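Here's a quick look at the charged side chains and who pairs with whom. Have the model open while you read.

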Amino acid sequence: MRQLFLLLVIVGFVFSFVSCGKAKSETKPQAKSEIQLATVEEGEMAEKPEQKYVEGEILVKFKPEVSPEEIAKIIKEEYQCEVLDVIKELDVYRLKVPRGKKVPEMVELFSRDERVKYAEPNIIYRLQQ
């Protein structure tokens, strides 16, 4: 179960980075069995359909110069969040949003913090079969 979660998170990060630019697709018709890939132009933002995320959870990566002790203090004392998990391979913290706060609000607060590399909702990705 943990390996599946880690795989989904990694796939999500890759998808996030790839879709950071505006998607442009080829115009030629393709067979049903072919996969059409989009290209991304540097500096352009992708138009993302609204994505579902785990309610009450965010993912946060701190900058490398922030010590683990400082991270623990920031999470608990400054933002009143609870650490649910640490994805050690990525140095990403899965946090529980405090009661009364919304995911977008907490993502915005963490994103404005100079010590944070990035913060995002814990997006739910579905693998196609």
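## Lys101 and Glu105

Lysine 101 is partly exposed, at a relative accessible area of 38%; that label covers the range between buried (under 20%) and exposed (over 50%), using a 1.4 Å probe and protein chains only. Its salt-bridge partner is glutamate 105, with the closest N and O atoms 3.4 Å apart. Here a salt bridge means a side-chain nitrogen of Lys or Arg within 4 Å of a carboxyl oxygen of Asp or Glu. Glutamate 105 is partly exposed too, at 33% relative accessibility.

A word on the ground rules: this is a predicted model, where local features need pLDDT of at least 70, side-chain atom pairs count only at pLDDT 80 or more, and totals for chains, interfaces and linings use all residues. Numbering runs from 1 along each chain as its sequence is written, and side-chain values use heavy atoms, with hydrogens and water left out.

## A pair in helix α3

Helix α3 spans residues 103-112 and holds both glutamate 108 and arginine 112, four residues apart, or about one turn. Helices here are DSSP runs (H or I, at least four residues), numbered from the N terminus. The two side chains form a salt bridge, with 3.2 Å between the closest N and O atoms. Glutamate 108 is partly exposed at 40%, while arginine 112 counts as exposed at 57%.

## The Asp113 network

Arginine 115 and aspartate 113 meet in a salt bridge at 2.6 Å, N to O. Shared partners link Glu78, Asp113 and Arg115 into one network. Aspartate 113 is buried at 10%, and arginine 115 is partly exposed at 22%. The structure holds five salt bridges.

Technical notes. Helices (H or I, at least four residues) and strands (E, at least two) are DSSP runs, numbered from the N terminus.
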